[in-house]
Amino acid sequence: MYWQLDYTLLFGEFGTQRSLGPYYNRQGYTVLQPGQSIDIGTLLTGMPLHLGAGPGLTLFHQSRPHE
């Protein structure tokens with residue numbers, strides 16, 4: 001769990017050889033393609049900071065402002 005500036009970001013990784021993308025999509029997560037990243041810095045601080053999975057891994061994430 002990542003919690004900063006009144007914003008929640010949940011993320012994780014799984015091996016690209018595993019077929020877990022559909023499962024995480026059903027749970028409300030966005031599943032990135034291998035090699036893709038998300039820019040969490042601009043959203044939170046106005047400065048680019050990219051979060052992505054390492055080699056052979058797929059990143060999934062879900063984010064929302066605090067209620």
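Reply: Start with one residue. T42 touches M47, P48 and L49, once neighbours within four places in sequence are set aside. Keep in mind that this is a predicted model.

Me: Where does T42 lie?

Reply: T42 sits in helix 2, which covers residues 40-45.

Me: Which residue's side chain is joined to that of T42 by a polar contact?

Reply: D39. The side chains of T42 and D39 meet in a polar contact of 2.6 Å.

Me: Now the whole protein. How many helices and strands does it have?

Reply: There are two helices and six strands. Along the sequence they follow the pattern β-β-α-β-β-α-β-β.

Me: What share of the residues is buried?

Reply: Of the 67 residues in the protein, 30% are buried. The accessible surface comes to about 4600 Å², and carbon and sulfur atoms account for 53% of it.

Me: What do the contacts say about the fold?

Reply: Look at how far apart the partners are in sequence. Take the contacts with a separation of 6 or more. Residues 24 or more positions apart account for 62% of them.

Me: Which residues form the largest nonpolar core?

Reply: Six residues make up that core: L9, L32, I38, I40, L51 and L59. Take L51 as a case. Beyond its neighbours within four places, L51 is in contact with L9, F11, S37, I38, I40 and L59.

Me: How do I read a pair of aromatic rings?

Reply: Two values describe such a pair: the distance of the centres and the angle of the planes. The count here is six aromatic pairs. One of them is Y24 with F60, at 3.7 Å centre to centre and 15° between the planes. Planes under 30 degrees apart count as stacked. That is how the Y24 and F60 pair is classed.

Me: Why does the pair tie together parts that are apart in sequence?

Reply: Because Y24 lies in helix 1 (residues 21-26) and F60 in strand 6, the pair links parts 36 residues apart in sequence.

Me: Are the two residues buried or exposed?

Reply: Y24 counts as buried, at 19% relative accessibility. F60 is buried as well, at 8%. Both rings also belong to one aromatic cluster, formed by F14, Y23, Y24, Y29 and F60.

Me: Let's stay in strand 6. What does H61 touch?

Reply: H61 lies in strand 6. Leaving out neighbours within four places, H61 is in contact with L9, L10, F11, Y29, T30, L32 and I38. Its relative accessibility is 12%, so H61 counts as buried.

Me: And S63: where is it placed, and what does it touch?

Reply: S63 is also in strand 6, which spans residues 57-65. Not counting residues up to four places away, S63 touches Y7, T8 and L9. S63 counts as partly exposed, because its relative accessibility is 34%.

Me: How far is S63 from F11, C-alpha to C-alpha?

Reply: The two C-alpha atoms are separated by 8.5 Å. Along the chain, S63 and F11 are 52 residues apart.

Key. Residues are numbered from 1 along each chain as its sequence is written. This is a predicted model: local features need pLDDT of at least 70, side-chain atom pairs count only at pLDDT 80 or more; totals for chains, interfaces and linings use all residues. Side-chain values use heavy atoms; hydrogens and water are left out. Helices (H or I, at least four residues) and strands (E, at least two) are DSSP runs, numbered from the N terminus. Buried means under 20% relative accessible area, exposed over 50%, partly exposed in between (1.4 Å probe, protein chains only). Contact means heavy atoms within 4.5 Å. Accessible areas come from the Shrake-Rupley method with a 1.4 Å probe; for residues, only the protein chains shown count as cover. A nonpolar core is a set of buried Ala, Val, Leu, Ile, Met, Phe, Trp, Tyr and Cys residues joined through side-chain atoms within 4.5 Å. Rings of Phe, Tyr and Trp (its six-membered ring) pair if their centres lie within 6.5 Å; planes under 30 degrees apart count as stacked, over 60 as edge-to-face and the rest as tilted. A polar contact is a pair of N or O atoms within 3.5 Å; within protein, one must be able to donate a hydrogen and the other to accept it, and residues adjacent in sequence count only if both atoms are side-chain atoms.
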